[in-house]
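Hi,

Here is the structure I said I would pass on. Have a look at it first, and my notes on its aromatic rings follow below.

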Amino acid sequence: MPTSVNFHPGEDRLSVGLLMRVCQQEVGVEIARAAREKIDQSRSYVDQIVESNKVVYGINTGFGPLCNTQIAAGDTRKLQDNILRSHSVGVGAPVPLDIVRLMLITKLQSLSQGYSGISTEVLERMIWHLTTGYLPYVPSQGSVGASGDLAPLAHMFLPLIGLGKVWDGNNWVETGLIFQKEGIKPIELGAKEGLALINGTQFIASFAVLGLYRLHNLLETADIIGAMSLEGVLGSASPFDPALHLLRAFQGSTHVAHRLKIMLQNSEMVESHANCGRVQDPYSFRCMPQVHGASRNAWLHLKELTEIEINSVTDNPVIFSADKTISGGNFHGQLLAMPLDYATLAAAEIGSISDRRTYQLLEGDVEGLPKLLMRNTGINSGFMIPQYTSAALVSENKSLCFPASADSIPTSLGQEDHVSMGSISGRKLNTVLDNLENILAVELVCAAQAFDYRKPMKSGVILDACHELVRQKIDHAEEDRIFGDDIAVAREIVASGELTSAALEVAQSNNINLKGDLYESFSLS
């Protein structure tokens, strides 16, 4: 349940970290007095416009290509009800419940700023859905990211008027049945309210937020697993020297190099081959700062733009006063669609280099590391086939890297003649992240196996602790077994953030500066 700490939409600024804490119900939601005053004032402007018969798009006109069709004052309420019904045309599987929560919170933030003509009654009902957990059913497909995310937002707000479905904790249930059980009545939407609810980029932005949250964990995890793999092949730590990275001072590569250098400090494995004849390691080990760092830079870019978006007003028209309304394009998804596509590529590249490290671990070209990471091969296939899964997922991710934002299909009889497809960008990013979790899981299984062959030598305390965490849940293998089970366990270790938490905990307890000077830039707070 939420704590006594509250987020005040329309007043407090959202960060990705704060938004996720509200989503996870660690922080409550409350509309404060100052925001209520702005909301009520904006609502009064809409009422004045209706009474004056001044023609304003979406208040007393039709929508899209029907913008020149004037609606009688007596029909303005019916118009808002109809827009939710007519725009609820989404298809496909429902989005995750976390996405619905994020959509509700970001919509509250946009509407509570007092430029949308919405009523506090509507906003309070949205908070009711958040706090009770009766979350609306929202299909995943149907938005082109043009007038915002019309179809998914329409579905999300059907329950306001007693329609659609909500989650009761176990199943999707007709909203009417829940209202009857809870003694709740549908809301009668006023002029402009239906349009305010469905105009906006909250579907796109919510997938961006969830993607940022997940990718942050996977970037942190990839550094740890990559360092474990490097220990397995007795790789060199010298490419992570800060003096080298000062000469090409990108934030991402500098940050990753610091983390790798720290994790490999005081490693007996590194010291054991200090004077070996190998000149340099393959790129997948040597260039981790540059490749992981490039993806870090893409993450940082998306975070900066997403935090602008989740604090913005993306409604249309925007109500400044009874005499000043602007019908513009703040709902257009292009501003997030392009960086989402960039982040998708960044996530796919982390998987690509991870798979290369897995392959290197299997080759058996390094002294003391058996081919396929198992001594008795022939009768045993060893870890040959897990890499097949990794390769398949890497290839699938490549096919998902085509930028959705490069496409546009005119809609609304040409009124919306250039659309962003940002909703597809957001969903694709999270699909690539699903695959990346499994790719890193395969490398983790193989890296832990290689690590075993370097014992009794110790690594640094951070990597030793991470290896021990894996071995508490996945045993060393010297004969074939159902490695798919191991991958599933490893994926949970990766996706849960357990590995990154363990690394930070050990670093803090040993007064090791794993975070580095750039940590705040690359944090979610």
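Is tyrosine 115 buried, exposed or partly exposed? Tyrosine 115 is partly exposed, with a relative accessible area of 33% (buried means under 20%, exposed over 50%, and partly exposed in between, using a 1.4 Å probe and protein chains only). Phenylalanine 320 also counts as partly exposed, at 38%.

Before going on, keep in mind that this is a predicted model: local features need pLDDT of at least 70, side-chain atom pairs count only at pLDDT 80 or more, and totals for chains, interfaces and linings use all residues. Residues are numbered from 1 along each chain as its sequence is written, and side-chain values use heavy atoms, with hydrogens and water left out.

Now the pairs. Rings of Phe, Tyr and Trp (its six-membered ring) pair if their centres lie within 6.5 Å; planes under 30 degrees apart are stacked, over 60 edge-to-face, and the rest tilted. That rule gives seven aromatic pairs. In one of them, the ring centres of tyrosine 115 and phenylalanine 320 are 5.6 Å apart and the planes sit at 65°, so this pair is edge-to-face.

Tryptophan 167 and tryptophan 172 have ring centres 5.1 Å apart and planes at 65°, so they are edge-to-face. Tryptophan 172 is partly exposed, at 27% relative accessibility. Trp128, Tyr134 and Phe179 form one aromatic cluster.

Finally, charges over rings (NZ of Lys or CZ of Arg within 6 Å of the ring centre and within 35 degrees of the ring normal). Lysine 324 has its charged end over the ring of phenylalanine 320, 5.0 Å from the centre. Lysine 165 lies over the face of tyrosine 137, 5.9 Å from the ring centre.

Cheers
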